Amino acid sequence: MSNATRTYALVTGASNGIGKAMAQECAKRGYNVLLVALPEPILEQATQELVSEYPDQKFDSLGVNLMAKEGPQEILDWVNNNSYQVSLLINNAGLGNSGPFTSLPASFYYGQLQLNIVSLVSLTHHFLPVLEKHNEAHVLNVASMAGFYDIPYKGIYSASKKFVLSFSRSLNKELEQSPVNITALCPGGVLTNEDVKLRTQELGFVARKSALLPEEVASYTLTKMFNGKRVIVPGKLSKTLKLVSSLIPYKVRMNMMANQFIKNSR
Ligand SMILES: NC(=O)c1ccc[n+]([C@@H]2O[C@H](COP(=O)([O-])OP(=O)(O)OC[C@H]3O[C@@H](n4cnc5c(N)ncnc54)[C@H](OP(=O)(O)O)[C@@H]3O)[C@@H](O)[C@H]2O)c1
């Protein structure tokens with residue numbers, strides 16, 4: 001992309017993990033990048049890393065809490081006030097957990113649903129008119145392999161990711177005649193924050209073997225998305241596990257999941 005044709009990729013949760021790797025991969029592919037995450041020093045750090053590495057491209061960041069109702073509007077106002085031309089929106093910010101349903105207060109789940117579902121829908125809704133101005137534009141929604149299953153001790157998280165997957169598929173069909181494509185990313189374990197790394201160790205051999213690095217996920221996903229794939233499962237082993245698990249009877253699979261995730265509760 002030349003400077004004149006460069007558009008912006010907006011990535012939520014861009015200060016760490018998959019979001020940070022997505023921001024880096026977008027920059028590598030020639031996008032200017034807008035990084036959004038909680039207002040913490042690591043957001044500025046992630047932005048400065050890109051500024052140093054890609055001096056001919058533009059980067060900016062906004063610290064915003066996407067659990068707050070007004071977060072998505074704040075982001076749209078910031079983009080419009082700065083006349084940033086966004087052609088790729090990556091809805092990545094999300095929160096996981098595992099443990100008995102009643103072990104956490106209802107307020108935790110309210111925040112989790114606000115972040116994983118409400119802010120994602122709201123951002124997509126706010127940005128569609130912006131994206132439709134381009135000849136080709138994309139929304140990449142980060143779901144999870146968890147979205148393919150009902151997972152005891154992880155029920156709210158897996159249901160929230162099921163929502164993201166279903167919403168992405170149906171909206172993509174609805175927008176068939178528009179320049180905007182909607183893609184769902186469904187990764188298995190990705191070695192991002194310390195909590196995920198610890199959980200992956202505890203889940204055992206298969207989880208450790210199938211876990212991917214955020215950089216691998218970002219590179220694979222953007223290549224597949226630009227090639228027209230609309231539901232993306234990165235990693236050969238994750239794809240195989242998905243296939244094998246579909247052959248296991250539902251009740252047996254539920255028992256296996258329950259045993260696995262009660263051990264992994266936190
Ligand atoms: N890691 C995995 O194994 C895995 C697997 C499947 C799907 N996923 C999904 O992938 C996405 C990213 O996961 P990750 O493991 O890369 O996460 P991560 O390393 O914990 O990073 C999360 C990012 O989201 C930001 N964030 C958290 N709460 C926020 C809020 N309320 N408002 C705005 N930004 C907020 C964080 O900002 P701060 O750093 O400032 O908190 C950080 O930039 C999530 O949707 C997750 O469900 C992850």
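A crossing of two helices is called right-handed if the near helix is turned clockwise from the far one by less than a right angle, and left-handed if it is turned anticlockwise. With that in mind, the crossing of α1 and α2 is right-handed. Please remember that this is a predicted model. The points below go pair by pair through the helices and then turn to the ligand.

**Helices α1 and α2**
- Helix α1 covers residues 17-28 and helix α2 covers residues 41-53; their axes lie 11 Å apart and the packing angle is about 20°.
- Angles under 35 degrees count as roughly parallel, and α1 and α2 are therefore roughly parallel to each other.
- On the α1 side the contact is made by K20, A23, Q24 and A27, while α2 brings in A46, E49 and L50.
- Sorted by class, the residues of this α1 and α2 contact are four nonpolar, one polar and two charged.

**Helices α3 and α4**
- Helix α3, made of residues 71-81, packs with α4 at an angle of about 25°, and the two axes are 9 Å apart.
- That angle makes α3 roughly parallel to α4.
- From α3, the residues P72, Q73, I75, L76 and V79 meet S119, S122, L123, H126, F127 and V130 of α4.
- The contact of α3 with α4 holds seven nonpolar and four polar residues, with no charged ones.

**Helices α4 and α5**
- Helix α4 spans residues 106-131 and helix α5 spans residues 155-174; their axes come within 9 Å and cross at roughly 15°.
- With that crossing angle, α4 is roughly parallel to α5.
- The crossing of α4 and α5 is right-handed.
- Helix α4 contributes Y109, Q112, L113, N116, I117, L120, V121, T124 and L128 to the contact, and α5 contributes I156, Y157, S160, K161, F163, V164, F167 and L171.
- In this contact of α4 with α5, twelve residues are nonpolar, four are polar and one is charged.

**Around the ligand**
- The ligand is surrounded by 30 residues, and the closest are S15, N92, Y157, V190 and T192.
- S15 has a polar side-chain atom 2.6 Å from an oxygen atom of the ligand.
- L66 takes part through its backbone, where a polar atom is 2.8 Å from a nitrogen atom of the ligand.
- K161 places an N or O atom of its side chain 2.9 Å from an oxygen atom of the ligand.

How values were computed:
Residues are numbered from 1 along each chain as its sequence is written. This is a predicted model: local features need pLDDT of at least 70, side-chain atom pairs count only at pLDDT 80 or more; totals for chains, interfaces and linings use all residues. Side-chain values use heavy atoms; hydrogens and water are left out. Axes are lines fitted to C-alpha atoms, for helices over the stretch in contact, and angles run from 0 to 180 degrees between N-to-C directions. Helices (H or I, at least four residues) and strands (E, at least two) are DSSP runs, numbered from the N terminus. Angles under 35 degrees count as roughly parallel, over 145 as roughly antiparallel, 65 to 115 as roughly perpendicular and the rest as oblique. Contact means heavy atoms within 4.5 Å. Ala, Val, Leu, Ile, Met, Phe, Trp, Tyr, Cys and Pro count as nonpolar, Asp, Glu, Lys and Arg as charged, and the others, Gly among them, as polar. A residue is near a molecule or strand if one of its heavy atoms lies within 4 Å of it. A polar contact is a pair of N or O atoms within 3.5 Å; within protein, one must be able to donate a hydrogen and the other to accept it, and residues adjacent in sequence count only if both atoms are side-chain atoms.
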